[in-house]
Amino acid sequence: MENACADVEKPCTGGEYVENDLDEDVDDIGDGVLEEGPGAAVDKKKKRKRKKKKKPTGTDDGESTSRDDLDKDADDIANGIENVDLDKDREAEGEDGGDEDASNQPTEESTTRKKRKRRKPAGAGKPADLATENLFEPHLEPPGIVTPAAKHPWTRDKRAQRLQPSTPLPTASGSPVFLPVSAMYPNGVYPTGQILEYPSRADGRTAADRFTPEEKRALDAANVEELQAIRQAAESHRLTRAWVRSWVRPGMSMIEIVEALEACSRRMIGDNKLAAGLAFPTGCSLNHCAAHYTPNAGDKTVLRDLDVCKIDFGTHIQGRIIDCAFTFTFDHRYDELLMAVREATEMGIQTAGIDVRLCDVGEAIQEVMESYEVTLDGKTFPVKAIRNLNGHSIGPYRIHAGQTVPIVRGGEASKMLESEFYAIETFGSTGKGYVHDDMECSHYMKNFDIGHVPLRLARAKSLLGVINENFGTLAFCRRWLDRLGETKYLLALRNLVNNGVVEDYPPLCDIKSSYTAQFEHTILLRPTCKEVISRGDDY
C-alpha cells in the first residue's frame, strides 16, 4: 500500500491535498481488514465516513478545503488508491459472509459507497462558456450562415454583442440561403431583370427596329461582363429586401433594423471594400422625413405601428450600383399613398427610353401620382409629388451621375441616351410636397470631381485615407466609420466638409405631421430593350 502511494503528488487546485491524510485512509483500510479481521471492516468504514465529514487540518500556508473537494481530488488523482479501497471493501464483505445480511441485500454502508461513484456532469472540466452554451439561443455566424428561426426574428450574439439575423434567408425555392450570391450561381450567369419594349414612336418604329440580329448579338456580347456584375448586385438586393420584409415589426429600434439589413446585404454581395459591397447607407426615413435618414450610434428611434417607413439601400459590384427603394406600413389607412407613389414609379419606367426627354418622364409621373387622395382621421389629403426630389442617372462608383429625372412637369428637356443606367425614383407626400434639411446629418460622400486639396489637420488627412480605401466616391455614414474602428473623427469630418472634399447630406423632411412614401427601381437602356434590373416578385 505504501509503495503504491509513494509516487502520488500533491495537487494544487482548490485547497491543498495532504498526502499524509491519504496515507492514513489507506492504512485504516488495511488495518481494518488484515489486523482486526473481517468483523472490524464495517466499523472502520463508519469511522472513515465520520472522518470525511470533518474539515482537514490547515496546510503549511494556512489554507483549508472541504472534505468533499478533497474527495474529488482523490478521485481524479489517486484512482489506484480508490481501486484498492473498493477491493478491500469487497474482501471485507465476502469474509463477513451472511453475518451482515443473510439475504445478500446491499447494506447501508455499501449503498453509500456506491453513491460516491457518480459520473461527472457533462460540462465538468470545461470552460464556463462552453459548458453552459446550450442554455442560450444559437450563436450565428455572419449573415448567410443561419440556423432555424428562433422565437424572435433577430437575436443578439452573446459574445460579440452584435445584432445577427436568426431567420433563414429566402431563395426562389423558399429554402434557406447559406452562401453569397456568387456561390449560388457558380457559372457567373445571374437572373435577368424585367425586359420591356421601348415606347413606339409616331412612325410606329421601336428601338428593336434599329439593329439587325447580328448587331444585337455583338452589342450584348460587348456588355456581358457589365450586365452580369449589375445583375449580381440586383439579385443580392432582392434576397436581402425579401428577408427584411419577413421580420420587420413595430417595436424594433431603427438601428437594429438597418444593422441587420446591412449585415445580410454584405454577406449576400460578398463585401470586399471597393470591389463589392454596399453602395450607400441604408435609408429608413419615417413619416414626414422623405430621404437621407439613417440612425447614428446611440439613436433610440423605435419603429411604431402607425409609422410610414421608407427603406432605401444599394449594392454594387465593381462600382455598378443598384439603387432600389420601397415603403412599408402596418396600417391600411396609408394604402392609397403607397399605391399613388408605386404607380407613379411604374409610369416613369414605362415612359423612359432612348431619346425620351426627361421632362416628359416627369410630367407622366406627376399626372399619375396626383390623381390619388388619402383620407386620414376623417381628413382628405391630396397626394403631391415632392418637386425638389427626383430620380437620377447612375455611373460607375457615382450614385448621381449628372442627369436628373424630375417627378413633376417642367424639368430639363435633355434626352435619355443608350446604355445609360437610371434610378427611376418617385416621392409622394400628404404635406406641402417640398422638403428641406432637418435633423442630425448621417450621410456623407466624397466629392466625385474634387482634385487635390491641401489639408492642414493631420486627423483629417488620416480620415480621408480611410474614406478613400473603404468607400472611394461612394456614400457612407458615421456608423460605418464606427464599424471600421474610427473614433473622435467628427472634427476631422467637419474639416473635410468645410474644405469641399466631402459633402454632407442631411435628412430631407416635409412639414411635420405629414406622411411621405417612396418607390424606386434601377433600369438600363439597352440598345434594343429596357431592362428593369432590380425588379422582383415584391414590386
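**Entry on two helices.** I began with helix α14 (residues 458–470) and α16, whose axes come within 8 Å and cross at roughly 80°. That makes α14 roughly perpendicular to α16, a label for angles of 65 to 115 degrees, where under 35 degrees counts as roughly parallel, over 145 as roughly antiparallel and the rest as oblique. The axes are lines fitted to C-alpha atoms, for helices over the stretch in contact, and angles run from 0 to 180 degrees between N-to-C directions. I noted that helices (H or I, at least four residues) and strands (E, at least two) are DSSP runs, numbered from the N terminus.

Which residues meet between these two helices? On α14 I listed Arg459, Ala460, Leu463, Leu464 and Ile467, and on α16 Ala492, Leu493, Asn495 and Leu496, with contact taken as heavy atoms within 4.5 Å. The residues of this contact divide into seven nonpolar, one polar and one charged; Ala, Val, Leu, Ile, Met, Phe, Trp, Tyr, Cys and Pro count as nonpolar, Asp, Glu, Lys and Arg as charged, and the others, Gly among them, as polar.

**Entry on the source.** I wrote down that this is a predicted model, in which local features need pLDDT of at least 70 and side-chain atom pairs count only at pLDDT 80 or more, while totals for chains, interfaces and linings use all residues. Residues are numbered from 1 along each chain as its sequence is written, and side-chain values use heavy atoms, with hydrogens and water left out.

**Entry on the three-stranded sheet.** I then turned to an open sheet of three strands, which has the order β16-β15-β17 with antiparallel pairing; two strands pair if DSSP finds at least two bridges between them. Because β16 (475–477) and β17 (502–505) stand at the edges, each with a single partner strand, one side of each is left without a neighbour in the sheet. From one strand to the next the twist averages 35°. Strand β15 (residues 443–446) pairs with β16 in the antiparallel sense over three bridges, and Tyr444 stands opposite Phe476 in β16. Helix α16 (residues 490–498) packs on this sheet and touches β15, β16 and β17, its direction making about 105° with that of β17.

Strand β8 (residues 373–376) has a covered face, Val374 and Leu376, and an uncovered one, Glu373 and Thr375. It pairs with strand β9 (residues 379–382) in the antiparallel sense over four bridges, and the bridge partner of Glu373 in β9 is Pro382. The hairpin that β8 and β9 form has two residues between the strands, and Asp377 in the turn has a positive phi of about 55°.

How many residues of strand β19 (residues 516–525) are buried? I found 10 of its 10 residues buried, where buried means under 20% relative accessible area, exposed over 50% and partly exposed in between (1.4 Å probe, protein chains only). Both faces of β19 are covered, with Thr516, Gln518, Glu520, Thr522 and Leu524 on one side and Ala517, Phe519, His521, Ile523 and Leu525 on the other. Nine bridges join β19 to strand β13 (residues 421–429), the two running antiparallel, and Glu425 stands opposite Glu520 in β19. A hairpin joins β19 to β20 through four residues; β19 and strand β20 (residues 530–532) pair in the antiparallel sense over three bridges, with Lys530 as the bridge partner of Leu525.

**Entry on a glycine.** Gly391 lies in strand β11 (residues 391–394) and is buried, with a relative accessible area of 1%. Leaving aside its neighbours within four places in sequence, I found Gly391 in contact with Gln403, Thr404, Val405, Ala423 and Glu425.
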